[in-house]
Amino acid sequence: MSLLRSLRLCLDARTGGLPAGSLLLQSLQPWHTIHAGSWLSSSASRKDLLMKLRQKTGYSFVNCKKALETCGGDLKQAEIWLHKQAQKEGWSKATKLHGRKTKEGLIGLLQEGNTTVLVEVNCETDFVSRNLKFQQLVQQVALGTMLHCQSLKDQLATYSKVSLKGFLNSSELSGLPAGPDREGSLKDHLALAIGKLGENMILKRAAWVKVPSGFYVGSYVHGTMHSPSLHNLVLGKYGALVICETSEQKANLEDLGRRLGQHVVGMAPLSVGSLDDEPGGEAETKMLSQPYLLDPSITLGQYVQPHGVSVVDFVRFECGEVEEATEAE
């Protein structure tokens, strides 16, 4: 007896005489009952549609096939159907996983022109934080925050903490639109990522800075990983922005800004302070009177002063720090 005939007899015995193809169709139904349509008439066009849908959405062959069958081969409707089903599954998983601790994750830093944003997205394990899908979520959050910041019509004549620097908490961040090329809010994309990766995640916070002419934003991310598809997005575990005022455009501002960012990450100051502050005591929490991270024989203020730059403000993010502080309280 041939191998093929043996397999058919085995399948008939298990399914009560149902054809083998019927069993195969039953096993490929994670989301929806299959309705074969006219799109199956051409094998070549079917494969082409499947390839296009998989490349565009990243979903599995089985689910892309199901979407095309359900939507009669309409590529656009199949993509919408896939996202809706994935979102349902994601929201269901998000509800089940809610409350599980999220101390890992990534900081994302994005700069475009005079605008800089810093975001934090948390997950349960470092393993997931290294996953490309999680990093793409951080990228989407950074882009959504950037678009929000660029949409604000602030007057940038003089520096003001109120008009130039802003923060978004988890709820505010989650409600932002995902962007012009993406449907829904960032919260919707969070649910999709939870559905795909199976861990609890939260959009923790974001900070944004816009500076006028005569100001510069230095930046630094520790544990740097560059985004796979966005060259000016940097990912890591710590991030800092340092807002500086300068009387003229200097060639070495980028390097100076990076060194100042390194200091903020490493020394964790609580305020800028002034050049008149004496080192030691309470001044140890003031940035300008702290020993300079890369040369402790001088203060940061002594390092900055010869460069003709004034430090105005800074932002420091450490992945997981807010949650840990809340638990300690």
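Buried means under 20% relative accessible area, exposed over 50%, and partly exposed in between, with a 1.4 Å probe and protein chains only. Helices (H or I, at least four residues) and strands (E, at least two) are DSSP runs, numbered from the N terminus.

This is a predicted model: local features need pLDDT of at least 70, side-chain atom pairs count only at pLDDT 80 or more, and totals for chains, interfaces and linings use all residues. Residues are numbered from 1 along each chain as its sequence is written, and side-chain values use heavy atoms, with hydrogens and water left out.

**Stop one: strand β2.** Select residues 115–123. This is β2, mostly covered, with 9 of its 9 residues buried. Now check the side chains. Thr115, Val117, Val119, Val121 and Cys123 point one way. Thr116, Leu118, Glu120 and Asn122 point the other way, and these are buried too.

Pick Gln111: its bridge partner in β2 is Thr116.

Show β4, residues 202–210. β4 pairs with β2 in the antiparallel sense over 8 bridges. Select Glu120 and find Arg205 opposite, in β4.

**Last stop: cysteines.** Select Cys64, buried at 0% relative accessibility. Then Cys244, also buried, at 3%. How many disulfides does the structure hold? The count is 0, where a disulfide is a pair of cysteine sulfur atoms within 2.5 Å.

How values were computed:
Pairing = 2+ DSSP bridges.
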